[in-house]
Amino acid sequence: MIRVDIETIIMASGAVPSLIVLRERQANHASDAPLRALSIQTGSFEAASISRGIDGTKHTRPITHDLFIDTLHQLGARVERVEINRVDAPVFYSNIIIARDGEDAVEVSIDARPSDALALAVRSNAPIYVEDDVMNRAGTISYHADKDAGDEEFKQFDQFVQTLSPDDF
């Protein structure tokens with residue numbers, strides 16, 4: 001399994017699907033291999049729910065994903081992790097792993113749509129994993145720029161712009 005983070009949520013409306021982009025985390029060891037990304041299509045309402053979970057937006061009344069997290073908490077359980085474990089293009093499959101500690105410790109796997117699993121993961125700060133085979137079959141190279149390199153490029157561009165005059169155009 002490959003640990004991933006939500007890199008981007010591209011919101012769409014109408015018949016156009018929204019897109020959730022997951023990017024694999026940087027490996028612990030130094031590697032020249034580029035990071036991979038996995039794009040999952042979803043509906044606009046589902047993408048909005050994931051986004052609200054990331055933002056920590058609270059409503060006066062709980063929406064379904066918040067209700068589920070609250071219910072787990074009341075039962076002494078938690079979302080342990082989310083696993084995206086299969087793809088039958090364009091459909092992805094996932095499991096939510098629920099855990100309960102104590103004398104009756106148990107771990108249960110529940111089949112779920114990836115959008116629901118991701119919405120629960122962001123609300124509970126649970127890790128997200130993608131099966132190696134899924135990433136190999138459906139993943140792409142992530143062109144997410146290195147933040148430090150981007151900052152340096154921006155500084156160089158800013159210095160260049162400062163030297164321009166209207167006559168240069």
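## The sheet

In this predicted model, eight strands form an open sheet with mixed pairing, in the order β6-β5-β4-β7-β1-β2-β3-β8; strands here are DSSP runs of E of at least two residues, helices are runs of H or I of at least four, and both are numbered from the N terminus, while two strands pair if DSSP finds at least two bridges between them. Because β6 (106-112) and β8 (140-141) stand at the edges with a single partner strand each, one side of each is left without a neighbour in the sheet.

Strand β1 (residues 2-10) pairs with strand β7 (residues 128-130) in the antiparallel sense over three bridges, and I2 has V130 as its bridge partner in β7. Strands β5 and β6 also run antiparallel, joined by seven bridges, with I98 opposite V108 in β6. These two strands form a hairpin with five residues between them, and G102 in the turn has a positive phi of about 100 degrees.

## Helices and their contacts

The axes of α1 and helix α3 (residues 114-124) come within 8 Å and cross at roughly 10 degrees, which makes α1 roughly parallel to α3, a term for angles under 35 degrees; axes are lines fitted to C-alpha atoms, for helices over the stretch in contact, and angles run from 0 to 180 degrees between N-to-C directions. On the α1 side, E46, S49, I50, R52, G53 and I54 meet S115, L118, A119, V122 and R123 of α3, where contact means heavy atoms within 4.5 Å. The residues of this contact divide into five nonpolar, three polar and three charged; Ala, Val, Leu, Ile, Met, Phe, Trp, Tyr, Cys and Pro count as nonpolar, Asp, Glu, Lys and Arg as charged, and the others, Gly among them, as polar.

## Buried residues and the core

Helix α3 is largely enclosed by the rest of the structure, because eight of its eleven residues are buried, meaning under 20% relative accessible area with a 1.4 Å probe, protein chains only. The buried residues of α3 include P114, L118 and R123, and just after α3, N125 takes a positive phi of about 55 degrees.

The largest nonpolar core has 29 residues, and L22, L38, V79 and V130 have the most contacts inside it; such a core is a set of buried Ala, Val, Leu, Ile, Met, Phe, Trp, Tyr and Cys residues joined through side-chain atoms within 4.5 Å. Not counting residues up to four places away in sequence, L38 touches residues including F92, V130 and M135.

## Basis of the values

Residues are numbered from 1 along each chain as its sequence is written, and side-chain values use heavy atoms, with hydrogens and water left out. Local features need pLDDT of at least 70 and side-chain atom pairs count only at pLDDT 80 or more, whereas totals for chains, interfaces and linings use all residues.

Methods. Buried means under 20% relative accessible area, exposed over 50%, partly exposed in between (1.4 Å probe, protein chains only). Angles under 35 degrees count as roughly parallel, over 145 as roughly antiparallel, 65 to 115 as roughly perpendicular and the rest as oblique.
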